[in-house]
Every structure is written in structure tokens, then in C-alpha cells.
Amino acid sequence: MSLRTAEYPRPDHFLLHVSDTHLLAGGGSLYDSVDSETHLRRLFAEFEASGGRPEAIVFTGDLADKGEPDAYDRIRSIVEPVAERLGSQIIWVMGNHDDRQAFRAGLFGEVPTTRPVDRVYDVNGLRVITLDSSVPGHHHGEVSDEQLDWLAEELSTKAPHGTILAMHHPPVPSVLDLAVSVELRDQAKLAEVLEGSDVRSIIAGHLHYSSTATFAGIPVSVASATCYTQDLNVPVGGTRGRDGARAFNLVHVYGKTVLHSVVPLGETPPLHYIDAEESARLLARDGIELPVSDTVPVQPEPPLTMPIGVLV
């Protein structure tokens, strides 16, 4: 039997992309009915059962619904034990519902300032840059000229495996008319910085539904919310939230492409199940080899807990 090599090897990197958790102090409920904390706990219970081991867990904003300090304490108490078990870095991104002072103090143990929370992370040679698109006191997004200068300086040096840009407000259109009131403004300036850079993908949240597009020639992947979502079957022109259809994303980075996969939350009746050992046996029977990537992982220095080139 001739051996056939699969078209793609194993990915070089694996990230878990979660967005819009909207936790409340004291474990309160959104709209008096949505238990956002329980949904987040269920997400990690379901994910851990899969055996997946992401190198980083990226949260693209709106961690807290009202920016309350206790909400940040609560999300840390949920996420940090999971990340430790999985061996994953945690990457936090600011959203419009977050409070910069409480965010800095609660998640990073830093002096609480109102300056943008922009950071750089090394994930085994893959660079993840978090860009704070929040505007204190407002829900639309903006990126200042100072932030753009900082971003351009960071991107002037290429990373070994390229860059993932993580932000809250996605630079994409929305199918919901009302979303233009809270969209990212002055997007052309950001496009100028990103064009020709090593940014391979932009991941974001904010919309409360999964969506994909391109921006400055770069794929954009928007993760749905873990708390509540938007119903895209609403009568045209309207907006209607719903207590369901929650999801998170898997991000697999290959040598020449980045794969984004949407994973709905909640258990459904299985139709059949083939475990890993049986999958390997079937592939071997059919003479198919799934190789390991040729890319040699770049081991980072100790995980970054302080920003590189950050605006402080």
C-alpha cells in the first residue's frame, strides 16, 4: 500500500478564543435571567473534557459587564485554575464594558490608570498583540494615533511565526443596523498600519455572534459571546438578543494558514463516536500519514506578565 501524506501537518500553534463573558459582581444575572458565570464555567468543563491543550486562552473583551472589581476577581478564580491545568497562558483584552483601572488592578496587579491596555505576548514564537479599542464612558471603539504609532513600532520587527492581533471591536461590517452606533471608528488608519505587516489574523468579539471577514487583506474572526447572543433571524433592521446560541472559537495556526473554528456550547445527542486510537488505526489502514509540522517551536522566555512597549 502506498503511503499518502495529509495535505496539512499538525498545527504549529493552538489558541482558545473566548469573548464577552460579561460577569457581574456577586455572581449576579444579566437581564435578571442570564447566569453568565455559570455559562463560563460550563464552557471550560466542556472544553477540558475534549482533552485540548491550547498554548494560550485569549479573552477578547467585555470580561465584566459593569467593570466591577469583584467581576475581575471572579473571572480569575474561574480561569486561572483551568489555565494551570492546561498549561496555557492567559491573555486578557479590554472591552467597552470593562473599566481600565479595575482591569489593570484586578487582572495584572498594576497601578490602576486609565491609559489604554496594550500588550505583547510571545506564545512559543507566535506573537499575540492586544490592542485596547475601548473608549472610557462610551461603547463605540477607537484606536488613538499614539496607539497606532506604538503598534507600528511593534510590527516593524517580524515575529518568528507571525502575529495575531486581538482586540474587542472588530474592524468589519455588521448585519445589524444598530451595531454601527458602537462600531470601531476611523478604521482606515488602522488598515494603514496593518497592511504589509506580519499580522496573520485579527480576532475580536463585541458583536455577540460569530462572524468572519477580511480587513487590510487580513482574515478577521469574531467569536460569539459566552453570556447571551444576537439573533440574526430578527426582522430586518431590528436587534434582538437571545438567551442561547453561545459559542467559543478554536484557533489553529499552520505554516501558511490560520484556521478558526466555531464551537457551540451545550451538549447534544451524539450520533456516533470514534476515539483517537480508532482514528489512528483507520488512517493507518488507509495508508494516510498526518505529519508533525516542520516548524521548530520557539521556546519563549518565562511567560510575559508585563507589557512590552506598552503605553503605561
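Which strands does helix α2 (residues 69-86) lie across? Helix α2 lies across β3 and β4, and runs at about 145 degrees to β4. Angles here run from 0 to 180 degrees between N-to-C directions, with axes being lines fitted to C-alpha atoms, for helices over the stretch in contact. Helices (H or I, at least four residues) and strands (E, at least two) are DSSP runs, numbered from the N terminus.

Before we go on, a word on the model: it is predicted, so local features need pLDDT of at least 70 and side-chain atom pairs count only at pLDDT 80 or more, while totals for chains, interfaces and linings use all residues. Residues are numbered from 1 along each chain as its sequence is written, and side-chain values use heavy atoms, leaving out hydrogens and water.

**The sheet**

Let's look at the sheet. It is open, made of 5 strands in the order β4-β3-β2-β13-β14, with mixed pairing. At its edges are β4 (89-93) and β14 (258-264), each of which pairs on one side only. Two strands pair if DSSP finds at least two bridges between them. From one strand to the next, the twist averages 20 degrees.

Strand β2 (residues 13-18) runs antiparallel to strand β13 (residues 247-253), and 5 bridges join them. Within this pair, Leu16 stands opposite Leu250 in β13. Helix α1 (residues 36-50) packs on the sheet, where it touches β2, β3 (56-60), β13 and β14. The direction of α1 makes about 155 degrees with that of β2.

**Two loop residues**

Now compare two residues found in loops. Asn96 sits between β4 and α3 (100-108), while Leu271 sits between β14 and α6 (276-285). Asn96 counts as buried because its relative accessible area is 9%, whereas Leu271 is exposed, at 83% relative accessibility. (Buried means under 20% relative accessible area, exposed over 50%, and partly exposed in between, using a 1.4 Å probe and protein chains only.)

| Side chain | Partner side chain | Distance |
|---|---|---|
| Asn96 | His168 | 2.9 Å |
| Asn96 | His206 | 3.1 Å |

A polar contact is a pair of N or O atoms within 3.5 Å; within protein, one must be able to donate a hydrogen and the other to accept it, and residues adjacent in sequence count only if both atoms are side-chain atoms. Leaving aside neighbours within four places in sequence, Asn96 is in contact (heavy atoms within 4.5 Å) with residues including Asp62, Ser134 and His138.
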